[in-house]
Amino acid sequence: MTDATIAALDRLDALRSALDGVALPLSIAGSDTARDGRRSAVRQIDDYIQPRLSNLEAPLLAVVGGSTGAGKSTLVNALIGLPVTRTGVIRPTTRQPILLHSPVDAGWFASSRILPGLARVTGVVRDAPASEAGEEPDAAQIGSVVLVADERVPRDLAILDAPDVDSIADENRELAAQLLAAADLWLFATTANRYADAVPWKLLDDAAARDITVGVVLNRVPPGAEAEVEADLRQMLGERGLGTAPVFVVGESQLDDRGMLPASAVGAIRGWLTGIAGDRAERARIAGRTLAGTVSRLAVTARTVADARDEQVVVANDLRETVATVHTDAAERVGDATRDGVLLRGEVLARWQDFVGTSDVFRTLESWFSRTRDKVTAWFQGKPAPAIEVEHEIESGLHAVMVDEAGRAASDAWTRVRQSAVGRQLTSGADLAHPSADLPSRASQLVRDWQQGLIELITDQAAGKRTKARVMSLGLNVITVALMVVVFASTGGLTGGEIAIAGGSAVVGQKLLETIFGEDAVRRLAAQAREDLETRVHALMHEQAARWDALLDPVEAGADGAALRDAAAELERAMALVGRPSATAEHRALLPIDVVEGEAMDDAAESPLEAEADEVRELERGTGPLPAIEHDEPSADGHRSGEQETSR
């Protein structure tokens, strides 16, 4: 394996990881298509691109696909010369894919290097009519592939009979698409009356986009209509970019007693496949062409997923911003309540009035502040209980405001998000219309923590011995209550006599603090206390908004659009170097695709993955079985000597 191939495999793995980590959970425009494309791309990397890039010489896989009733299994049996896959009128007939390969190639197809998600089952070759051939249809075994080794299959090219692409069973359709995506070339079967159907053409358009080699079988054509129907089909193929695809016309034929077509009916198809299997250069060209086209298509899919990823992130960010804004507004309203005097209404004012003796304060304010510290201390120390009551009332008021605003924010965010279909999808099964159950306790803890922070502020401010003595003589509780009143007091939001009471009460508290700390210090204390409270309230509301993370994080998880586009571009650059001469090596070993029977191709320096596809040759070599191997006569027990009778 060359350094260029190793580098390309590394880039392929990086793109796979990026794609695999993108969920695209929101149902927005284009998301369904992007999700299906992402899932199919990851699976195709595992099923086909990685194993084929790792080994360009590996046997080719030709998948026989087509619509219901197109006669795929009958064609496969005719190509092998023996009923190996079951036919019938009950649909779907083929539930498990049947992979026919040469015994020489058993190791490649039995391993998990290709189609690793499908279990392997060893098939049985029976001397039985086509209606009884192969495995019994079993829906439970849909996730497996039946391997049948037979010498009638040419080496280096396996044939896989896939389920119907338009099956009534969802799992059959999905499996058919998966197998076609893992193919090196297609043998696509349709009929004279079904070739214009939409489903087959959707898949053929995908084949054209991947630049995969396709052989089209026009089956069951009525006598006399061959030329007209074939001409119409070829025109349609040309219009869809498949003008070089060979078309094999199989007329209506009488099946023999084993349900087999005449060997001559599939002679041209057999010759085409035999020619590919026996031509090393042609196999290499097909493998390189399909791989290059598939990688190119993968890059397109990755960019489509990247665009969808960007859209998902935009929507998620908008929803997150809505939730964040609502809760930020709630925190601001709590802050407004602490600034406009609302928290000093009612019982708080009454308790504060009792505490400082407001009726006497206004008459004796000037003389009171000229008294000695001892007299001030005595005045306050005699009333510890009212201070505690004021503190409790402030705590209760602040707590109630926070709980109310958090509840309002939760309801508002829920309503806004669910106004859109995407929001309703996102919140399905969730209940975020109410704040968290532990909000009341968290709000109580916030108030206690804030009060403790005020005590620490006051303690830090009272660094001097004299100031500390004053604080200790009055009591930290008294100073803390005074500071809270100063923080909350304002004339805004109050009416009538409340203005005088709240304003006067704040003056008393502020003068008391100024007597102890000084005017500038009190101003700083109040500002720091308010800032600390607002920070804590915003954090509480942020915690409530963060409950939406469980819904929004999965939308934003994984690689972003830019990373996906970069990974796709890096893979394309790496693939362009596969098969080219090394910049550091004096000579390079020629890849299998460069060499035919020991002779270098004319343009050995040209990347096989970028070479223009030559017109696929239509070979019509005889009408016998694929290889020149004679059929053994049946033995006494009814089996042929060359057949295998194995079990699962």
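The following exercises, each with a worked solution, concern the predicted model of one protein chain.

Residues are numbered from 1 along each chain as its sequence is written, and side-chain values use heavy atoms, with hydrogens and water left out. Because the model is predicted, local features need pLDDT of at least 70 and side-chain atom pairs count only at pLDDT 80 or more, whereas totals for chains, interfaces and linings use all residues.

**Exercise 1. The chain as a whole**

Task: State how many helices and strands the protein chain has, and what percentage of its residues is buried.

Solution:
- Step 1. The protein chain has 21 helices and 10 strands. Helices (H or I, at least four residues) and strands (E, at least two) are DSSP runs, numbered from the N terminus.
- Step 2. Of the 648 residues in the protein chain, 49% are buried. Buried means under 20% relative accessible area, exposed means over 50%, and partly exposed lies in between, with a 1.4 Å probe and protein chains only.
- Step 3. The protein chain exposes about 28,700 Å², and 50% of this area is supplied by carbon and sulfur atoms. Accessible areas come from the Shrake-Rupley method with a 1.4 Å probe; for residues, only the protein chains shown count as cover.
- Step 4. Among contacts with a separation of 6 or more, 81% join residues 24 or more positions apart. Contact means heavy atoms within 4.5 Å.

**Exercise 2. The largest pocket**

Task: Describe the volume of the largest pocket and identify the helix that gives the most to its lining.

Solution:
- Step 1. The volume of the largest pocket is about 1,100 Å³. On a 1 Å grid over the protein atoms alone, a pocket is an open set of points with protein on both sides within 12 Å along at least five of seven lines, a cavity is a set where a 1.4 Å probe fits but cannot get out, and lining residues have an atom within 4 Å of a point. Grid points are joined across faces, edges and corners, and a volume is the space filled by probe spheres set on the points.
- Step 2. The lining comprises 30 residues, and Asp36, Ser40, Ala177, Lys202 and Asp206 lie nearest the centre of the pocket.
- Step 3. At least two lining residues come from each of helix 2 (31-54), helix 5 (170-181), helix 6 (198-210) and helix 9 (280-339). Helix 2 gives the most, with 9 residues.
- Step 4. By class, 12 lining residues are nonpolar, 7 polar and 11 charged. Ala, Val, Leu, Ile, Met, Phe, Trp, Tyr, Cys and Pro count as nonpolar, Asp, Glu, Lys and Arg as charged, and the others, Gly among them, as polar.

**Exercise 3. The second largest cavity and Leu115**

Task: Determine which residues line the second largest cavity, and characterise Leu115 by its phi.

Solution:
- Step 1. The whole structure holds 3 cavities of 30 Å³ or more; the second largest cavity has about 80 Å³ of space.
- Step 2. Its lining includes Asp47, Tyr48, Trp108, Leu115 and Asp184. Helix 2 supplies the largest share, 4 residues.
- Step 3. This lining has 8 nonpolar, no polar and 3 charged residues.
- Step 4. Leu115 lies in the loop between helix 4 (106-110) and strand 3 (119-122). Leu115 counts as buried because its relative accessibility is 1%. Although Leu115 is not a glycine, its phi is positive, at about 45°.

**Exercise 4. Asn219 and Arg547**

Task: Is Asn219 buried or exposed, and which residues does Arg547 touch?

Solution:
- Step 1. Asn219 is in strand 7 (residues 213-221). With a relative accessible area of 5%, Asn219 is therefore buried.
- Step 2. A polar atom of the Asn219 side chain lies 2.9 Å from the backbone oxygen of Ala70. A polar contact is a pair of N or O atoms within 3.5 Å; within protein, one must be able to donate a hydrogen and the other to accept it, and residues adjacent in sequence count only if both atoms are side-chain atoms.
- Step 3. Arg547 is in the loop between helix 19 (519-545) and helix 20 (549-556). Arg547 counts as partly exposed because its relative accessibility is 22%.
- Step 4. Not counting residues up to four places away in sequence, Arg547 touches Ala410, Leu432, His434, Pro435 and Ser436. Arg547 and Leu432 are 115 residues apart in sequence, yet 7.7 Å apart in space, C-alpha to C-alpha.
- Step 5. The Arg547 side chain also reaches the backbone oxygen of Gln544 at 3.2 Å.
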